[in-house]
Amino acid sequence: MSKKKSALQENKGVSQPETTSKLSAEKIKLNRGKQNSVQEFVTKILEGNITFLSKAITLVESTNAKHQQKANEILEQCLPYANKSVRIGITGVPGVGKSTFIEAFGKHLTSKGKKVAVLAVDPSSSVNKGSILGDKTRMEQLVTDKNAFIRPSPSGTSLGGVAQKTRESIILCEAAGFDTIIIETVGVGQSETVVHSMVDFFLLLKLAGAGDELQGIKRGIIEMADAIVINKADGENEKNAKIAKVEFNRALHLYPLKESKWQPKVLTASALHNFGIEQIDHMIIDYITLTKESNYFYKKRNEQNKYWLLSTIDQQLKANFYQNEKIKIALAKEIENLENAKTTPFNAAKKLLNL
């Protein structure tokens, strides 16, 4: 009696061809272990190779001593080809539309044949040190532009949320041929002060109808701004934007004239509808022309270099202090004394510094 075939039988499927050849797999393995030389990095960066530029910025941001040494060598060799760009700092409270504005502005510049690098500082979590690094997702049109480069960096523990190594990244981007560098801050704390110390033009984005008009009377960030742009000036908000423009103009005229002899401007824009972008570009060109003619542009850059020299010394001294084994032991002891109310924070600090 012949055995009945089950309806639930499995036919032999079609075997899939290998997606990766053995040769390709070997090549990938070899490249993984391969370390690019400093000269290779420099040559590729000067050619405008984005892959090598990204790798170099990763080395700059690394805390590994070997990576830092290599990054410093790359930076030194790239330095003669840097300093040929216009550096623009853009700040504003979260929700003001910084990413949308930068994308619209960046697309406008690339349409004119400019090469734009966006260094966006992403706030890091103070809990797990992680970052979303979402700017590439938000700037979906600019990210596909061959004349644009977007690099989100975690802010880490550096002052006010500004990535500590942003300034070195500027040098690498300039050497790679980018003529406009845009630095976006997280818009919190002291980050604006630090960004102001590494850019030529500082742009503050504001929202109308959000109680921001009164902020024009306050000093600080308004005083640092070379221009205020009231963003999202469209639809029902257009009227509010015009009112805010008048308020900010009044406030700006209360301040003494800047050393640059530039009178800060207030403009309205809608990044979403591409309105006001061209006027902002013309205004920045006017500022650069004025400051270069008066030599203030170069004077400011020299002052910024001095600031970063002293800032780097401060950072290095702090790092050396905490890495010292003798200090580590003494610090633990002084913390214990503090907890047991045997010393004050000031006396403990003085004792540790005397070591």
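Asn83 is partly exposed, with a relative accessible area of 45%; by that I mean between the cut-offs, where buried is under 20% and exposed is over 50%, with a 1.4 Å probe and protein chains only. Asn83 sits in the loop between helix H4 (65–78) and strand E1 (86–91). Helices (H or I, at least four residues) and strands (E, at least two) are DSSP runs, numbered from the N terminus. The phi of Asn83 is near 65 degrees, a positive value in a residue other than glycine.

Before I go on, a word on the source: this is a predicted model, where local features need pLDDT of at least 70, side-chain atom pairs count only at pLDDT 80 or more, and totals for chains, interfaces and linings use all residues. Residues are numbered from 1 along each chain as its sequence is written, and side-chain values use heavy atoms, leaving out hydrogens and water.

Now, Lys261 also has a positive phi, near 65 degrees. You'll find Lys261 in the loop between helix H10 (237–252) and strand E7 (265–268), and at 58% relative accessibility it counts as exposed.

Back to E1, then. How many residues of E1 are buried? It is 6 of the 6, so the strand is largely enclosed by the rest of the structure. Val86, Ile88 and Ile90 cover one side, with Arg87, Gly89 and Thr91 on the other.

And its partners? E1 runs parallel to strand E4 (residues 180–184), joined by 5 bridges; pairing requires at least two bridges found by DSSP. Here Arg87 stands opposite Ile181. With strand E5 (residues 201–207), E1 pairs in the parallel sense over 4 bridges, and Ile88 stands opposite Phe201.
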